[in-house]
Structures are given as structure tokens and as C-alpha cells.
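Subject: The structure, and what turned up in it

Hi there,

Here is the structure for you to open alongside this email. Have a look around it for a while, and then read on for what was found.

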Amino acid sequence: RTTAEAARGELAELTDAAHRDEMARAAMRMRIETIGAKAVDELGIDPAVLVAEFGPHRGVPVLEDSPDDDGRAPSPNGGTPSGNGIGGEADEARTVPYVRVEQEKRLRKAERALTALGRVNPLALEEYTALEERHRFLTEQLVDLKKSREDLMHVIREVDERVERVFAEAFQDTAEAFSRAFARLFPGGEGKLFATSPEDMLTTGVDVEARPAGKSVKRLSLLSGGERALVAVAFVVAIFMARPSPFYVMDEVEAALDEVNLGRLLDIVNELRVSSQILIVTHQKRTMEVADALYGVTMRDDGVTEVISQRLAEAVDG
């Protein structure tokens, strides 16, 4: 009985162990089937082929070393594995025996690296192509803008140089003409034009220095009203002399002049009328006497404005 009881206990233990082993084998078969289906779905490789080519009986290629230009790992002696023609076979990359613990560590490391990469964007290639095209377009536009800016700056420099040269020539001629005109309107006096910033003719101002005969003052603010008006007339006449124009219009420029200064101004006007047509608005009788024609505006008895004209030569002949 004791032997039978021991045998029954051993049989129960063996039955339980067989049942556990059967359950383990069933779970392993399920796991193998799942892994096989995963291999087919994700890798497109049959499990048998996968085991035959990448099973634990095959050596594991060393991928930690930096690959050469052709993408193969260096050989153990430091050279690049390549076909040497001996025996008709090529040397293979360096491998190490399969150790499950080490390969599981590599798997976890690769999974962490894959997780760090984030989600894969299937449209990344198209987006990269579009951005590359956009970058190429903007680069070409930037080059074109830089070239246009250089051309524009070149034109600006040419215009500035021409404006500076023309202004400097005009200023010099006007300054010389002002000295002559001032000497005629102020006998014995001295008048000058000078640039406030001669080193930069594009931004310089123009100042007037006038010293009538018998006076030591040069500032225009210290001159009388008639003298200031005569200086202004001298400046205008200097511009006319330096850069002649076919037509001049003056509005009561001699209103503040006395008889002597008026006569000097009319002498200059008679010189200008030889090459230019002059229209003067005036109330001075002497100015009217030197004119070729007179135009006036009057109002008739019925309140209508009328313009009348008279040529002085015709009036004298009549």
C-alpha cells in the first residue's frame, strides 16, 4: 500500500508536469505562429527562410564598426573585405557567435532609437522635394534681387556723380555771374556766393554774402529793405546769366528800388532781352517805357473785365 500510494503520487506529479509541458508547448506553438505571421506581414519573408538565413546558428555581423564607402564592415585585420580571386569566393564581413542576451540588448537599444526618431512621415520625400524646389526658387530670386540692387546702386552712383558735377558747374557759373551782377547793381560793392558744405555738393546749402559800397556789413539781415531786394534781384539775374532761358517772368521785382537802382536794373534787363523774352509785372513808369508791348486789365462800365494791349512802337508811330 505504501508503494502504491507513492506510485500514485508520482503519477499525479508526472501528469501535472505533462499537462504543464503540453500547455507550454501549445503557448510556444501559438507564439511561433504569431511570430511567423508577423514576419510574413512586416518583413515579407517566410519563417523557414528567415530561420535558415538569420537563425541562431548563423553568425551575427558586426555593425558597430564604421562602414567603409561601399557599406561593408571592416575585416578583423583592419582591411576591407573584398573578393581576392583565390578559390573563387569572396571574404565575408566579420561576424560573432549568436548570444541571445546580447542580441536582446541590441534589440532594446534599437527600439529606443526607433522611438526617439518618432513617427514616420510617409510624405516626407514629397515634402522634401517641394521644399527643395521652393529653396531653389528663393535662392534664384535672392540672386536676382542682389544683382538688381547692385545695378540700382550703380545707377544711383552715376546719377549722384552727374548731379554733383552739374550742380558744381552751375554753382560756379552762378557765383561768378552774381559777383558781376552785384558789382553792377552796387557799384563799388562786393557780393559772393559760397557753399556751406563744399565737401558734399549734394547736400550743401548756398549762402549769400553782400557788402555794399561804404558799408562793412556782410549779413543780409543787416541791410535795408531796398538793399535786400536788390541783392535778391542780383541773385536772380546771376541765375539768368549762368543758365540762360528763352523766357523769364518777374513780378514787381523793382517795387522797392529807387530811381538810380531802377535804372541799373533796367540796363541789365535790356541786355537780357536780346536773347530772351521777358515778361514783367510792374507799376513803374520807367519799366513800362523800356517795354515793347504793354498789357493791362481794366473793368468797363458794365462790370466786365477787359484785357487791353498796346505795342509801344505803334503808339510812337501813331
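Predicted model: local features only at pLDDT ≥ 70, side-chain atom pairs only at ≥ 80, totals over all residues.

Residues are numbered from 1 along each chain as its sequence is written, and side-chain values use heavy atoms, with hydrogens and water left out.

**Salt bridges**

How many salt bridges does the structure hold? There are 13 salt bridges, each one being a side-chain nitrogen of Lys or Arg within 4 Å of a carboxyl oxygen of Asp or Glu.

Glu22 has such a link with Arg25, and their closest N and O atoms are 2.5 Å apart. Both residues sit in helix 1 (residues 2-43), and because they are 3 residues apart there, about one helical turn separates them. Helices are DSSP runs of H or I with at least four residues, strands are runs of E with at least two, and the numbering goes from the N terminus. Arg25 is partly exposed too, at 44% relative accessibility.

The next pair is Glu271 and Arg184, whose closest N and O atoms are 2.7 Å apart in a salt bridge. Glu271 belongs to helix 6 (residues 259-272) and Arg184 to helix 4 (residues 124-185), so this pair ties together parts that are 87 residues apart in sequence. Glu271 is partly exposed at 43% relative accessible area, and Arg184 counts as partly exposed at 33%.

A salt bridge also joins the side chains of Glu190 and Lys192, at 3.5 Å from N to O. Lys192 is partly exposed, with a relative accessibility of 39%.

**A closer look at Glu190**

Where does Glu190 lie? Its place is in strand 3 (residues 190-195), and at 35% relative accessibility Glu190 is partly exposed. Contact means heavy atoms within 4.5 Å; leaving aside neighbours within four places in sequence, Glu190 is in contact with Phe182, Glu209, Ala210 and Arg211. Take Ala210 as an example: Glu190 and Ala210 are 20 residues apart in sequence, and their C-alpha atoms are 6.1 Å apart in space.

**A closer look at Thr287**

Is Thr287 buried or exposed? Thr287 is buried, with a relative accessible area of 6%, and it is found in helix 7 (residues 285-289). Its side chain makes a polar contact with the side chain of Glu254 at 3.0 Å. A polar contact is a pair of N or O atoms within 3.5 Å; within protein, one must be able to donate a hydrogen and the other to accept it, and residues adjacent in sequence count only if both atoms are side-chain atoms. Not counting residues up to four places away in sequence, Thr287 touches Glu254, Leu262, Leu266, Ile280 and Thr282.

**Pockets**

On a 1 Å grid over the protein atoms alone, a pocket is an open set of points where a 1.4 Å probe fits, with protein on both sides within 12 Å along at least five of seven lines, and lining residues have an atom within 4 Å of a point. Grid points are joined across faces, edges and corners, and a volume is the space filled by probe spheres set on the points.

The largest pocket has a volume of about 1,600 Å³. It is lined by 31 residues, with Leu50, Phe54, Gly55, Tyr98 and Gln103 nearest its centre. Helix 1 gives the most to this lining of the largest pocket, with 9 residues.

The second largest pocket holds about 650 Å³ of space. Of its 21 lining residues, Ile278, Leu279, Ile280, Ala291 and Ala293 are the closest to its centre. Helix 6, strand 6 (277-281), helix 7 and strand 7 (293-299) each give two or more residues to the lining of the second largest pocket, and strand 6 has the largest share, 5 residues.

Happy exploring!

Technical notes:
Buried < 20%, exposed > 50% of the residue type's maximum accessible area, 1.4 Å probe, protein only.
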